[in-house]
Amino acid sequence: QMWYEESLDGRLAPQGRRDMEHLARRLAARFPALFAARRRLALASSSKHRCLQSGAAFRRGLGPSLGLGSDEVEVEVNDALMRFFDHCAKFVALVEENDAAMCQVDAFKEGPEMRKVLEKVASALCLPVEELNADLVQVAFLTCSYELAIKNVTSPWCSLFSEEDAKVLEYLNDLKQYWKRGYGYDINSRSSCILFQDIFQHLDKAVEESKSSKPISSPLIVQVGHAETLQPLLALMGFFKDDEPLRANNYVRQTHRKFRSGRIVPYAANLVFVLYHCDQVKTSKEEYQVQMLLNEKLMSFHHSNETISTYVDLKDYYKDILENCHFKEECELPKVNITAVDEL
């Protein structure tokens, strides 16, 4: 019996709601001063139902103490920020809707590693291998993983795959994420500069207000988007970049790759920027410092290999993106009529 119904498509699963509520509680425990009673919470979300539900679940996890005592915090729908990829004509035309952009993914589907998995699955199901293809096998694997993630049960579909098969199918997914949302094409990450700059505008404003001894107008900003929102942003910042691109023919060489989308953007993935005001410091530069947490683990900054950076140094390191990455110009389709693959 198949438990998954079409009506569930694109909706947040009960487990997803629990994940968001628990995430809110853990963050509130970790940063009690930020999540203190009557602190203002600014909540933005993409227009997708699952994002709005995620935002509501996060809010519920904080209990009634936050947000002026009322249960309903106004959620601002902002697809320009949370679904910037939809608004980027160059990305849509040259990557999203361009089959040629996924040539590495297609090649891997036909390659020796996938062939081996196909043969094993066909044999287990007593089917001729011609009746199966990589897409069908991937559906079986996803069904196995969904049941585990959503219902915490081991699906009968899982019995078709060994750990080695799972690694091959993980690579197939990572290839897709790499070429569509990661380092594969520059436009993937450049399209996220609108969100990157928005984050720093909020941080700038907090620093300004703090310097002039004003109360911080938005001490807590929560923006709810998608894996496809977060992955390009992390690529823009240079995280999880391998020396060699992920390709159809280097599966074995990529065994120890940094780019593993299942670890970077799992369910309920989250990236947190924390701005600190530090009193007892030697120089004024050290007064404002920043930490970044991905999925609640501290990240090391590239420029220092430390998990904390002065705000000045961080802005300096990303100066080029902050000053020279303009969403409108980045996302404009080239006027000259060249083929999409050349452009990429």
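This is a predicted model: local features need pLDDT of at least 70, side-chain atom pairs count only at pLDDT 80 or more; totals for chains, interfaces and linings use all residues.
## Pairing overview

Three disulfides are present in the structure. Counting the bonded cysteines of the protein chain in sequence order, they pair as 1-6, 2-3, 4-5.

## C88 and C331

Let's start with C88 and C331, whose sulfur atoms lie 2.1 Å apart in a disulfide. The torsion about their S-S bond is about -100°, so this disulfide is left-handed. C88 sits in the loop between α3 (79-82) and α4 (89-96), while C331 belongs to helix α15 (residues 327-331), so the link ties together parts 243 residues apart in sequence. Both C88 and C331 are buried.

## C193 and C325

C193 is joined to C325 by a disulfide with an S to S distance of 2.3 Å. This link of C193 and C325 is left-handed, with -80° about the S-S bond. Helix α10 (residues 193-211) holds C193, and the loop between α14 (319-324) and α15 holds C325, so parts 132 residues apart in sequence are tied together. C193 is buried, at 0% relative accessible area, and C325 also counts as buried, at 0%.

## C144 and C158

The disulfide of C144 and C158 has an S to S distance of 2.1 Å. With 100° about the S-S bond, this link is right-handed. C144 lies in helix α7 (residues 134-151) and C158 in the loop between α7 and α8 (163-180), 14 residues apart. C144 counts as buried at 10% relative accessibility, as does C158 at 15%.

## Other cysteines

C126 is exposed, with a relative accessible area of 70%, whereas C278 counts as partly exposed at 21%.

How values were computed. Residues are numbered from 1 along each chain as its sequence is written. Side-chain values use heavy atoms; hydrogens and water are left out. A disulfide is a pair of cysteine sulfur atoms within 2.5 Å. Helices (H or I, at least four residues) and strands (E, at least two) are DSSP runs, numbered from the N terminus. Buried means under 20% relative accessible area, exposed over 50%, partly exposed in between (1.4 Å probe, protein chains only).
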